[in-house]
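The entries follow the order in which I looked things up.

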Amino acid sequence: RVKRGWVWNQFFVVEEYTGTEPLYVGKIHSDSDEGDGSIKYTISGEGAGTIFLIDEITGDIHATERLDREQKTFYTLRAQARDRQTDQLLEPESEFIIKVQDINDSEPRFLEGPYIGSVAELSPVGTSVMQVMASDADDPTYGSSARVVYSVLEGEQHFTVDSKTGVIRTAVADLDRETQDRYEVVIRATDMAGQLGGLSGSTTVTIVVTDVNDNPPRFPQKMYQFSVVETAPVGTAIGRVKAEDSDVGENTDMTYQVKDEEGMEMFRVTTDSDTQEAVIMVQKPLDYESKKVHTVVVEALNKFVDPRFVDLGTFRDQTIVRVSVLDVDEPPEFRPPSNLMEVQEDAHVGSVVGVVTALDPDTANHPVRYAIDRSTDAERIFDIDANTGAIVTGKVLDRETAGWHNITVLAMEAGSRIPAWVSRASLRIRILDVNDNPPELATPYEAAVCEDAKPGQLIQTISVVDRDEPQGGHRFYFTLAPEATNNHHFSLLDIQDNTAAVHTQRMGFNRQEQDVYLLPILVVDSGPPAGSRGPRPTRVCGCDSDGAIQSCNSTAYIVSATLSPGALIALLVCVLILVVLVLLILTLKRHHKSHLAAEDDEDMRDNVIKYNDEGGGEQDTEAYDMSALRSLYDFSEIKGGDGGGGPGEGVLSRNPASQLHSLPQWVQSPDLDFSVFRDYICRKVQQADEDLSVPPYDSFQTYAFEGSDSPVPSLSSINTWSSGSEQDFSYLGGWGPRFRQLAALY
């Protein structure tokens with residue numbers, strides 16, 4: 001049996017067919033087809049029935065649409081051969097491919113644009129800038145449609161491009177950022193290896209020229225002028241100058257410095273890091289009278305210098321700054337500025353201590369007046385001549401009291417009233433010592449000698465001090481005073497070390513005969529004649545066997561030796577008489593007080609004290625001091641204690657014991673002032689509220705005084721003081737002294 005199968009050629013179709021008739025693709029055929037039309041050919045798959053149509057009888061395939069290989073390179077279809085009568089497959093279904101044949105219909109495209117590159121200025125020729133790449137959608141395996149070459153359309157004067165790789169490089173070595181900081185270069189890509197008829201595409205590449213430090217700083221001016229007042233303090237900014245630099249970024253960072261010695265002494269320059277300006281500042285005080293104009297040379301230089309460009313020149317520049325000093329009215333200046341003077345402490349009042357001098361630094365040279373700041377010399381120990389500046393003593397000086405004086409001298413222009421134009425100078429005055437103080441004992445001495453002391457025994461060592469200031473150290477000389485030349489009891493030995501020793505010259509001292517000996521000693525210092533003398537007491541004392549002093553009291557011996565028994569009896573009698581007199585006086589005073597208390601008890605009805613205090617019962621004897629209720633008021637103390645003034649003019653005592661006084665016999669008067677009682681009660685309430693130590697009980701006190709504006713008139717006849725009363729109370733005068741006060745009221 002002969003095997004049957006499909007018979008067809010390779011199928012291709014050209015893309016971008018622009019004809020009006022369907023494009024013939026190919027023919028499928030079965031070897032069993034005898035040409036009688038009994039076989040029906042059909043296709044299925046991609047584009048079957050739409051893009052591709054088949055003739056059922058002949059098997060011819062046509063493309064009815066325009067194809068694009070860049071969108072789809074091939075189509076996969078399946079072919080069937082069927083019996084036209086039964087529609088059964090005569091051959092197994094077979095798959096076939098229709099390939100789209102490429103033509104050069106796509107130009108190269110730069111897909112990664114826009115392109116931005118950079119290159120440093122002054123780069124050598126051939127320096128790589130960046131790489132560009134174009135892609136072609138045509139079939140790279142078919143012909144040269146996808147072979148791309150590169151070229152420069154614009155910017156070829158400064159840059160080149162590798163035709164195969166697309167690497168852009170510099171074409172010149174003098175790229176200058178300061179002249180042109182960016183370039184727009186157009187690169188073209190052409191397919192067909194650049195042959196005639198090839199398609200091309202282009203892109204624009206922006207190339208930024210970066211900066212290098214190839215430009216030195218330059219001052220726009222060769223001279224600047226500033227002015228400043230002569231009183232400007234150190235650190236004052238005079239002005240600013242700035243050097244221009246064509247570079248950018250850190251290549252413009254610069255520092256400034258003063259180059260000339262004169263300007264360096266008087267001025268200094270700092271750099272403002274934000275503005276890159278030179279700030280010229282005062283370094284030393286200026287003086288218009290000394291120099292009116294200063295010249296300063298300021299230099300600017302780059303911080304970061306590129307060693308590749310040192311051959312271009314020095315990266316620094318200089319300018320001259322003229323500073324004019326302006327004159328102002330200044331206070332006087334002390335010359336010379338010495339602040340130490342010395343004067344002897346024995347100088348007389350009015351003696352010249354020294355002279356201060358101040359001059360007006362201004363060209364006018366006004367006269368100067370002087371004065372002493374009295375806050376530094378409140379005791380007016382010194383005075384100053386307002387015109388000459390001579391400082392003189394105003395009081396007697398004493399180095400031992402104050403060895404140094406610090407005063408402030410003021411100098412001002414004559415006629416000036418402005419405090420700012422006053423100069424001050426501190427002056428230290430040292431008081432020089434003179435030998436005007438005699439030596440003094442270092443401590444008060446009182447020597448003691450035993451009754452059984454032996455001759456030559458040391459009983460006291462004496463040392464002295466001197467308040468004067470020694471120049472080479474004190475040296476004291478000890479000797480007995482001339483009036484002690486006949487002394488046979490004690491001797492004095494100068495030990496030559498500013499001390500002296502007192503020794504006994506005999507033995508057998510008796511404190512009953514003489515208990516104290518006075519030994520005059522003369523002490524002289526080494527300066528000009530100044531010495532001291534004085535008797536040193538030496539007491540005779542009783543000692544034990546070891547020489548320790550037991551007692552120096554000689555009263556018992558003296559009394560027994562000088563007073564007789566009769567004198568002692570007389571002395572005792574006098575003491576007894578004095579005791580009797582004292583007892584008698586005390587008895588009389590007590591009797592007088594009891595008599596006054598009896599009279600006061602009878603007048604108790606005229607003195608009413610009502611105290612409503614709920615205490616702890618009859619057994620409570622400590623809740624309140626009941627003695628206060630038994631005391632009478634003395635109203636004269638309420639009025640001030642001096643008997644003068646009206647009611648309310650006195651001040652109540654703050655002592656609770658003195659706040660109880662006798663109540664007066666009261667007659668209401670419309671012009672009386674009761675504020676004193678109101679203040680007293682308020683103060684008592686405040687004391688009770690603030691005292692946290694008292695028990696928490698309520699206290700109610702009634703003071704028997706009738707205030708003004710009482711709504712109910714008084715019922716007491718004592719209150720009737722009208723002159724129109726019809727009663728006669730003169731008979732009360734005969735009731736005796738007990739009713740004398742009542743009779744006086746009526």
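**Helix α5**

I started with helix α5, residues 675–690, which has 16 residues and reaches 22 Å from its first C-alpha to its last, close to the 22 Å expected at 1.5 Å a residue. The expected span is 1.5 Å times one less than the number of residues. Helices (H or I, at least four residues) and strands (E, at least two) are DSSP runs numbered from the N terminus. This is a predicted model: local features need pLDDT of at least 70, side-chain atom pairs count only at pLDDT 80 or more, and totals for chains, interfaces and linings use all residues. Residues are numbered from 1 along each chain as its sequence is written, and side-chain values use heavy atoms, with hydrogens and water left out.

I then listed the buried residues of α5 and found Ser675, Val676, Phe677, Tyr680 and Arg683. Buried means under 20% relative accessible area, exposed over 50%, and partly exposed in between, with a 1.4 Å probe and protein chains only.

**Whole chain**

I noted 6 helices and 42 strands in the protein chain. Buried residues make up 33% of its 746 residues. Of the contacts (heavy atoms within 4.5 Å) between residues at least 6 apart in sequence, 67% join residues at least 24 apart.

**Annotated segment**

I checked the UniProt record, an unreviewed entry, which places a "transmembrane region" at residues 567–586. UniProt positions are given in the numbering used here, feature names are shortened, and annotations may be inferred rather than shown by experiment. In the model, residues 567–586 are 100% helix and 0% strand, with the end C-alpha atoms 30 Å apart.

**Cysteines**

How many disulfides does a search of the whole structure find? I got 0, taking a disulfide as a pair of cysteine sulfur atoms within 2.5 Å.

**Nonpolar cores**

A nonpolar core is a set of buried Ala, Val, Leu, Ile, Met, Phe, Trp, Tyr and Cys residues joined through side-chain atoms within 4.5 Å. The largest has 25 residues, and those touching the most other members are Phe219, Ile238, Tyr256, Phe267, Ile280, Val298 and Val321. Several strands each supply at least two residues of this core, among them β17 (237–241), β20 (277–282) and β22 (316–326). I followed Ile238 beyond its neighbours within four places in sequence; its contacts include Phe226, Phe267, Ile280 and Val323.

**Strand β37**

Is strand β37 (residues 499–504) enclosed or open? I found 6 of its 6 residues buried, so β37 is largely enclosed by the rest of the structure. Side chains in a regular strand alternate between the two faces of the sheet. Thr499, Ala501 and His503 lie on one side of β37, with Ala500, Val502 and Thr504 on the other, and all are buried.

Two strands pair if DSSP finds at least two bridges between them. β34 (residues 458–465) pairs with β37 in the antiparallel sense over 5 bridges, and Leu458 stands opposite His503. β36 (residues 490–494) also runs antiparallel to β37, joined by 5 bridges, with Leu492 opposite Val502. β36 and β37 form a hairpin with 4 residues between them, and Gln496 in the turn has a positive phi of about 70°.

**Ile521**

Last, I looked up Ile521 in strand β38 (residues 516–524). Ile521 is buried, at a relative accessible area of 6%. Ile521 and Ala481 are 40 residues apart in sequence but 5.2 Å apart in space, C-alpha to C-alpha.
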